[in-house]
Amino acid sequence: MRLSGKVALVTGASRGIGKGVALALAGEGATVYVTGRSAEGGGELGGTIGETADACTRRGGRGIAVRCDHAQDEEVAALFARIAQEQGQLDLLVNNAFAIPDDLIEAGGFWEKPLSQLQMIDVGLRSNFTAAWHAARMMVPQGSGLIVAISGYVGVTYTYGALFGTVKSGVDRMARDMAIELKPHGVASISLWQGLTLTERAQRNIAANAAMMKSVVTNPTIGCSPEFPGRVIAGLLADDAVMRLSGGTFIAAELAAEYGIVDIDGRTIPSLREQRGAPLWHPV
């Protein structure tokens, strides 16, 4: 329970990576606010914020579900106002919410795909900035805090489409430049690269497309559980010297090796640096 007394916010935590991160943090004793739009019925993929919050509490921490559409600024403002009123502190923001289009992995040039895919900018890039803006207004006065952006190798290597890469590379750069401005105030900002994470969506897509088994991008044998990045983030939050990493983009598997972290099944998750590329940004 090394995170007892810590307050975290994980955006987009009805299912997938967000849910896994929330569970890992709660398992170490943190109070975790979980947000998402799925308050009732999880749709095709299942999962609600209430289910995630309840599971967090069963893990030993405390889960608090807040319905929030991160495309709506007023809902985000109300979320942070609630955290400030109820907790008086915020130690960690995990910017995970991302509007994944159903047609993201379909073949074709960017001009052949609908402009509705621009939703990835609204909830994936703009939403990161908005949440970090509010988080910084709580963290800077307290002189501490950690903001983690969930990103991936797509930041430097083509994956699925031009717009997806644009958004994720923007996430990395935003985390780095925020770190420069936050450094004098003792607040850290880090971007964390994930490889294939075996979320509900990923497992559905792999089951429907056998060819994905042969790709280094989507090969499930080297994928990780949704809780793996949460274990890494827990390590970051518990690290008293985390400011040494601020501004950097890090491969989750490599930080896990540094912290001695394995996945929930005991596996060591491999870094795909050689196969997929290296981060551009280093600590400031």
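The paragraphs below go through this predicted model from the whole chain to selected residues. Residues are numbered from 1 along each chain as its sequence is written, and side-chain values use heavy atoms, with hydrogens and water left out. Because the model is predicted, local features need pLDDT of at least 70 and side-chain atom pairs count only at pLDDT 80 or more, whereas totals for chains, interfaces and linings use all residues.

The secondary structure of the chain amounts to nine helices and seven strands, where helices (H or I, at least four residues) and strands (E, at least two) are DSSP runs numbered from the N terminus. With a radius of gyration of 17 Å, close to the 19 Å that the globule rule gives for 284 residues, the chain is as compact as a globular protein of that length; the radius is taken over C-alpha atoms, and the rule is 2.2 Å times the number of residues to the power 0.38. Along the principal axes, the C-alpha atoms fill a box of roughly 50 × 40 × 40 Å. Of the 284 residues, 54% are buried, a term that means under 20% relative accessible area, with exposed set at over 50% and partly exposed in between (1.4 Å probe, protein chains only). The chain exposes about 12,300 Å², of which carbon and sulfur atoms supply 52%; accessible areas come from the Shrake-Rupley method with a 1.4 Å probe, and for residues only the protein chains shown count as cover. Among the contacts (heavy atoms within 4.5 Å) with a separation of 6 or more, 74% are between residues 24 or more positions apart.

A polar atom of the Thr 48 side chain lies 3.1 Å from the backbone nitrogen of Glu 51. Within H2, the buried residues are Ile 49, Thr 52, Ala 53, Ala 55 and Cys 56; they cover an arc of only 160 degrees around the axis, which puts them on the same side of H2, the arc being that of the directions from the helix axis to the C-beta atoms. An α-helix has 3.6 residues a turn, so residues three or four places apart point the same way. The buried residues of H2 pack against helix H1 (16-26), E2 and strand E3 (62-67). After H2 comes Gly 60, with a positive phi near 120 degrees.

Elsewhere in the chain, Ser 189 lies in strand E6 (residues 187-194) and is buried, with a relative accessible area of 1%. Leaving aside its neighbours within four places in sequence, Ser 189 is in contact with residues including Ile 147, Ala 175, Met 178 and Gly 247. The backbone oxygen of Ala 175 is 2.8 Å from a polar atom of the Ser 189 side chain.

Two loop residues complete the description. Tyr 160, in the loop between strand E5 (145-152) and helix H5 (162-182), has a positive phi near 70 degrees although it is a residue other than glycine. Most residues other than glycine have a negative phi. Tyr 160 counts as partly exposed, at 27% relative accessibility. Asp 263, by comparison, belongs to the loop between helix H8 (252-259) and helix H9 (273-276) and is buried, with a relative accessible area of 2%. Its side chain is joined to that of Ser 225 by a polar contact of 2.6 Å, a polar contact being a pair of N or O atoms within 3.5 Å, where within protein one must be able to donate a hydrogen and the other to accept it, and residues adjacent in sequence count only if both atoms are side-chain atoms. Beyond its neighbours within four places in sequence, Asp 263 is in contact with Cys 224, Ser 225, Phe 228, Arg 231 and Ile 269.
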